[in-house]
Amino acid sequence: MPADKDRRCFSHIRAFMAGTREGMIAISPDRTVRMLNEPAAGMLEVTRNECVGSPAEALGVPELTQSVETALAEKEIVKGSFERRNRCYSFTITPYEDADATGAVLSLRDDTEILAARKRSEAILLSTSDGILVFDADDRVTFVNPAAETLLGKGAEELVGLVTDIWTIFGLATDPEGRVQETGTQAREVRMEEPEHRIVDVRVDPVFDDRQTYLGSVSTIRDVTVEREAMQMKNEFVSTVSHELRTPLTSIKGYIDLILDGEAGEVNEIQHEFLSIVKENSDRLVELINDMLDISRIESGRIVLKVQPLDVAERIAGAVNTFKAVTDQQGRAIHVEIPGDLPKAAGDPDRVGQVLINFISNAIKYSPQGGDVFVRAELADDRVRVGISDEGIGISPEDQARLFTKFYRVDSSLTREIGGTGLGLSICKSIIELLGGEVGVESEPGSGSTFWFTLPLASDRHVRTPSLEGPLGSPGGRILVVDDNSDVANLIATYLSRRGYEVVKAFNASEARELALELEPRVITLDVMVDEGAGFGLLEELKADPRTRDIPVVVLSIICDQGRSERSGCTDYLEKPIDKNRLISVIDGLVGSIASPVVLVTDDDRSIVELLTRTLKQRGYAVMAAYDGKEAMAAVARKRPDAILLDIRMPVMDGYEVLEALKTNPETRDIPVVIMSAYQIDRDRASVLDLATQLIGKPFDVEEFVAHIEEVISESEPAPASVGEGES
Ligand code: ADP
């Protein structure tokens, strides 16, 4: 190689070696140091003069000398590390061919900081109480900390190297959306019984580098057993306390109502005034307890929502009606604006009513200077949107943001004076969100507020089950009231005997069982908490015994266990404190359906349904009212009617379909069906109508019509189940 070219080449290498922060050393084939840059001299604490031209031993690190030998002899890259004065160095020795001999280039790096950082993070991972598992990009477990070992009951040696995901380790299904790389963070609460009972929050986060390359994932497992159990204990505590509070309140409220209704003799004006104050305050107490129970039910996930198609206008009318006395007295009005063609929403009628009442009550409460309230419903983005506007005190933007949280109340002298708990809005928000809707508020301080909520539209999946209404006129028969609190039992007995029933009371489960067998009551009302919860067992026993199986049982309960009561076989469920009117209408309906024939009226024209219902009830029939075919089918499933009045043209499921469904099912094919129709018969489907018992054209004379029905029912008796067996 010509000398000047050689020099030029060296100057490149020199520049290169001077410019890097790594230590670089060139070793000649004769094992002497040929070049050494500044960083290398610094790391090894030698000078260039000492080393250049001297054997590699002059570098002063035996590990290096040895590795140079190996690299030159084997002609292979050798890597290694060594420590010097508390610092850690790593090195790479790369052999190269020089003419016919082998030399080597040695690069040195100071890893002290990197290693310290790694130790620190490992120490953190090792000491944290959350379980941590690290997966590489190929879903291979690469790290498991001791907390994860304990939580999973598996050692790191068992887990590291497995190709899996965290859900599989827990024995669960993998996220249906795919790998965490595609879905982003995944999280679930997991209940585990092995190696011991634990509730854990598990989350998986994908890890990407700066260029969005997927590096793997980190799973964290947090033990939340104590928190969840504490929460459950709190909820149970709230339930128990509310139970204890509700029992005396049921008596207080019930007896005050009786006195105010004049049931205990005449009440003079002052007594009336004082008693009204007592009543108002006991009502507030009941409301407060109901709110607390709602919160605990929502938090423990025990709230039962009965989603069905919901006529929002009807709900609004009902809610507005509750405030009529108040608004009339205050000289203000509630205006309702709803388009006639508003479609049905999907929701739980009672719960949506509760939300409406809460919003309207607030609108009245927080506009103390008066002003009207507006309730508007509309179709917006495929949802039903309801807004309640007032002309009241309004709410600042900061408060708006926090209004829907538990116990939050705007802090002002005015709101303090008005009084409240700050629970209502948070309950409303939870209910609406559970129903799949949203809530919100628009407001300006001083110029009123609009609280709104949305609900999804009803679909074919949601079907309302019509209720059963008893005939008008005085009912009668024996009712067995089961309650271990004699004050409450006496109160229910008073309500029912004033209604014309003969009441028998039982104060414990065994007494109740005996009386049910001996007296064959028409209906049983049962507090499931009788004998510390023996009511559920009693209910199941009654339903299992053929002698008592058909007696309808209405559960009157404080503990809000509607789901369990229904599974045990109750016919209806009412919450305490008892609403007198509701109790009576439920009992009347049930008794009516035993003592009198039941007619199902089905028509999408509400005025016809109402007219027929009223007339039939006057004539001593129990009635179920359905507005479309699906509702009619739900009603039949609930209670086998003695006759069905059926319109032909109806939405959702028309009369032809209902008739066909009824007549092809052996359980229902003997129920007489009277078709009522104002329309031309569909020729192609006319043959279906042959299945009907009678055909009556609209319009018809109601009296005549009812006479027809009486005929149909009396003809189909007795023993309707056996008539027509084997035919059609
Ligand atoms: P409460 O009325 O029992 O305090 P809510 O949860 O119903 O509880 O309401 C929370 C707070 O929101 C109220 O204390 C009040 O400050 C504010 N608020 C609710 N509705 C209105 C309204 N229509 N106008 C002004 N402020 C309201």
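**Helix packing and the ligand shell**

Visitor: How do helix α25 and helix α26 pack?

Guide: Helix α25 (residues 629–638) packs on helix α26 (residues 655–664) at an angle of about 25 degrees, and their axes are 9 Å apart. Helices here are DSSP runs of H or I with at least four residues, strands are runs of E with at least two, and both are numbered from the N terminus. Axes are lines fitted to C-alpha atoms, for helices over the stretch in contact, with angles from 0 to 180 degrees between N-to-C directions.

Visitor: What kind of model is this, and how are residues numbered?

Guide: The model is predicted; local features need pLDDT of at least 70, side-chain atom pairs count only at pLDDT 80 or more, and totals for chains, interfaces and linings use all residues. Residues are numbered from 1 along each chain as its sequence is written, and side-chain values use heavy atoms, without hydrogens and water.

Visitor: Back to the pair: are α25 and α26 roughly parallel or oblique?

Guide: They are roughly parallel, as angles under 35 degrees count as such, over 145 as roughly antiparallel, 65 to 115 as roughly perpendicular and the rest as oblique.

Visitor: And how do α18 and α23 pack?

Guide: Helix α18 (residues 486–498) and helix α23 (residues 580–595) pack at about 60 degrees, with axes 11 Å apart. That angle makes α18 oblique to α23.

Visitor: Now the ligand. How many residues surround it, and which are closest?

Guide: The ligand is surrounded by 22 residues, the closest being Asn362, Tyr366, Asp390, Arg409 and Leu425; a residue counts if one of its heavy atoms lies within 4 Å.

Visitor: Which element gives the largest share of that shell?

Guide: α14 does, with four residues.

Visitor: What lies 2.7 Å from a ligand oxygen?

Guide: A backbone N or O atom of leucine 425 does. A polar side-chain atom of lysine 365 is 3.0 Å from an oxygen atom of the ligand.

Technical notes:
A polar contact is a pair of N or O atoms within 3.5 Å; within protein, one must be able to donate a hydrogen and the other to accept it, and residues adjacent in sequence count only if both atoms are side-chain atoms.
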